[in-house]
Structures are given as structure tokens and as C-alpha cells.
Amino acid sequence: MARLNFYFVFTFFALLFLASCKDPHEFRIDPAFADYLQRFENEGAIRGTNLTPQTSGLIMEFATLKDSTAGLTHYETPIRIEIDKTYWNAIANSAGADLMKEDLIFHELGHGLLGRPHLNTTLSNNDWKSILCGGNKVNNRPWNINFRGVRRKYYLDELFNENTAEPAFASLTLPVDTTGFAVDYQKTFDNTSQAMWLDQSSSQLNITLDNGRLRFISTVNSNFLVFAQLQTPISINTDFSYELTFQYPTLSNSNQFGIIFGHGTGGTTDPTEYFTISNTQKMQMGNRSWYSFYTELTKSSILTGGVNKLKVFKIGTFLYYFINNVYCYMSEIEATNSINEAGLMVPPLSTIWIDNFKISHKGALLAPPVSKTNQQITTTIQKVDNFIPNNVFNK
Ligand SMILES: [Zn+2]
């Protein structure tokens, strides 16, 4: 017994000795993170925050983290940051991987080098206020943050200065003129000549006209991407709008449904833009080439179980999102090719009605035969097991 005690005490002091010998200025960075650390230092320097982790110490290493955690900062000396290897590799395969990695590393460095805690408040448009969002969930909101385009500059400003003023993109006052759009494609679904997709009906997705609307009944546990191919693609330089009316009376679930559009090649990872809502008043937007949706917003303009008109304007390099004619959000368009298809996403095991398919462009109505109104539109339907399967991990 005494012998055991001796070894215990010896081991204890040996460990204490080793711990006290640990270099408090150790600087050890996995090469995968070096560029992001350098960017962080550069962005800080631009904003008057000079950091010297090379001399003051910092450890950044890969780890296997639990509970859907992407990154973890340990307040040790020196600061030690762990990044989940599996998550890092998962996001690496998507468009926007560099921005997602930057967001993750900057978040952890915000904890570690700037001493900032989590901040889970929101801007006027319901965007997260800070890339330091994380930790304890707020109303079960996913941690997805729209860290792209004009938002990146704001989020970096806010990272180094919490008192940064609310940015223009967060205003709910529409900043552009949406008048002067002429209709190119229109379907009212009042009769078979005013319908599309009827010929795509199947045992898995039954499609019928129903009192001036088109009804989809899905009998399978998958999403359906329902596309109309535009005979004359819309140039990506043209300002356009796309709208569709939905009714999804299933009140008891949080399924997302909504519009999709972009440049389709028939592939399963086409850079298709999407704008979806749910009966729980959640709005998501994004592009399928990305790992996940940009962010999830709560929008009171969504009528639970009722008729909801989704409309998106592409003006310049931005998309402006409307729900029932209420301006909700703006964000950069990701698609860079001409828009050659538009349609909808039908949720799993659902019955959903649509109406008033309309695509317009900015400018005068094109005279026949250039006018595309009522032109024949070909259609395709793609069954996908997971439309947007991923949520961004906590950090
Ligand atoms: Zn955090």
C-alpha cells in the first residue's frame, strides 16, 4: 500500500513538473491553418489590432471533437485551438470552402487572441450579428452564417470592434428599384395549356390540375426538384425576377419548400439557387454547390399553412428576397452562368399546391417572336434523398 502511494505521489509530482515545464510561448500551427492565421493578423493590423502569436504563443491542431463541434478554444497558456478534422474535410469539398474555413478559424481566434465570448444577437434582418455566434443554441437556430460578399467585411469589422454600426445590407428598407420588369414566362395553371409538369406525373409524384392550381402529391421520403427549362436562357447580366405561389397546408412539420433556379446541366451538384420557407416561419436561402444554406431566418411574413408568394429579384450582383410582397433579405447571387431553368422543391411525403409561375426581366416587353410568354417549356424532375442535408457545426 505504501509502495502504491509512493508511486502515486511520484507520478503526481512528475506530471506537475512536466506541466510547469511546458513552454508558455509555444507556437505550433498545423500547416492547414497557417494561411488563415496570417489573414487574421493582416485583418487585425488593418483595423489597428496588432497580434504577435509567433512570440506570445499559440497552438492550433486537428482533433476529433464530439457533439457536432467544429472548433474548440482552450484557455490555456498558450491558447490552444482544436479543429475537428472530419468537419474540416467535409466542408473542403464544397463551393465556399475557403470562406467557411476562414469563418471557423476566425471565430476561434476571436475567442483565443481577442478574448471575445460568444455573441448570439441578431441584426435587423435577422442575420447573426457576429461570427462569434455559437455555444448554447438560440430557439434551436442552426449556426449557419452568411459569411460571404459584403457581409465578410462587416463581420471582420465587428470581429475586431464589437461597436461596429449596423451595416446597410441588414436594413429592411428595400435599397433598389423593382419596377419596370416585363413578363417573359408565365403559367397560370388554369387549364392544361397553362400548366407544366403534368407529363412528369408518376407513382412517386402525382401531378394534377386542381381548381386553377397545380397539385403535387409525393409518396416518397425524398425531395423532388421540379424544373422548367427556359427556351431562351436569361443572361446573368440581365436583371430578372422569378415568382411562384405555394400552399403547403401540412402544419405539423418543419419541412422547407420553395423556389429553385439557376444553370442546370442535369448534374446532381449544379449550382442551383434556392429560396425556401417552412410553416414554422423559417426562411433559408443558398446555393446547392455550397455545403449548406447560408443562414436560417425567422420571418413573420410567412403565413403558416396559408398561401405564400415567394419572389426573388436579381438586380446587379444581388438577389432580393420577398415573401408575400414583403422585402426580407438581400444576398449575392452565386450563379455565374446564364439562368436556364427555374422551378420548385417539393418536400418529402407531401401534398403541395402551386400557382402563378412568372419570370420577368428588367426593360420593355420584347415584341413577338422574341417574346417568350406562352412559349413551350420543357421540364425535368430530379429526385434527391437529401436536398440540403448539412447544418453548420457549433464552434
Ligand atoms: Zn465559439
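Visitor: Is L159 buried or exposed?

Guide: L159 is buried, because 23 other C-beta atoms lie within 10 Å. Here a residue is called buried if 20 or more other C-beta atoms lie within 10 Å of its own, exposed if 12 or fewer, and partly exposed in between, with the C-beta atoms placed from the backbone. Please keep in mind that this is a predicted model, in which local features need pLDDT of at least 70 and side-chain atom pairs count only at pLDDT 80 or more, while totals for chains, interfaces and linings use all residues. Residues are numbered from 1 along each chain as its sequence is written.

Visitor: Okay, and which helix is L159 in?

Guide: L159 lies in helix α6. Helices (H or I, at least four residues) and strands (E, at least two) are DSSP runs, numbered from the N terminus.

Visitor: What is L159 in contact with, apart from its sequence neighbours?

Guide: If we leave aside the neighbours within four places in sequence, L159 is in contact with F106, G110 and I131, where contact means that the C-beta atoms of two residues, placed from the backbone, lie within 7 Å. L159 and H107 are 52 residues apart in sequence, yet their C-alpha atoms are 8.4 Å apart in space.

Visitor: What length should α5 have?

Guide: Helix α5 covers residues 97–112, and at 1.5 Å a residue its 16 residues should span 22 Å, which agrees with the 22 Å between its end C-alpha atoms. The expected span of a helix is 1.5 Å times one less than its number of residues.

Visitor: Let's look at α2 then. Which of its residues are buried?

Guide: In α2, F33, Y36, L37 and F40 are buried. They cover an arc of only 105° around the axis, which puts them on the same side of α2; the arc is that of the directions from the helix axis to the C-beta atoms. These buried residues pack against β1 (27–29), β2 (58–63) and α5, whereas the face turned away from the buried side carries the exposed residues P31, A34, Q38, N42, A45 and I46.

Visitor: What comes after α2?

Guide: α2 is followed by G48, whose phi is positive, near 85°.

Visitor: Which residues other than glycine have a positive phi?

Guide: W197 is one of them, with phi near 80°, and L349 is another, with phi of about 45°. Most residues other than glycine have a negative phi, and most peptide bonds are trans. W197 sits in the loop between β5 (181–187) and β6 (205–210), and W197 counts as buried because it has 23 C-beta neighbours inside 10 Å. L349 is in the loop between β17 and β18 (351–362), and with 14 other C-beta atoms within 10 Å L349 is partly exposed.

Visitor: Where is there a cis peptide bond?

Guide: A cis peptide bond joins T77 and P78, with omega about 0°, and P78 lies in the loop between β3 and β4.

Visitor: New topic: which strands does β8 pair with?

Guide: Strand β8 (residues 223–234) pairs with strand β19 (residues 378–384) in the antiparallel sense over seven bridges, and β8 also pairs with strand β17 (residues 339–346), again antiparallel and over seven bridges. Two strands pair if DSSP finds at least two bridges between them. A228 stands opposite T379 in β19, while the bridge partner of F227 in β17 is G343.

Visitor: Last one: what are the domains of the chain?

Guide: The domain assignment gives domain 1 (8–170) and domain 2 (183–384), with bounds that come from an automatic or database domain assignment. The C-alpha centres of the two domains lie 37 Å apart, and 17 residues of domain 1 are in contact with 14 residues of domain 2.
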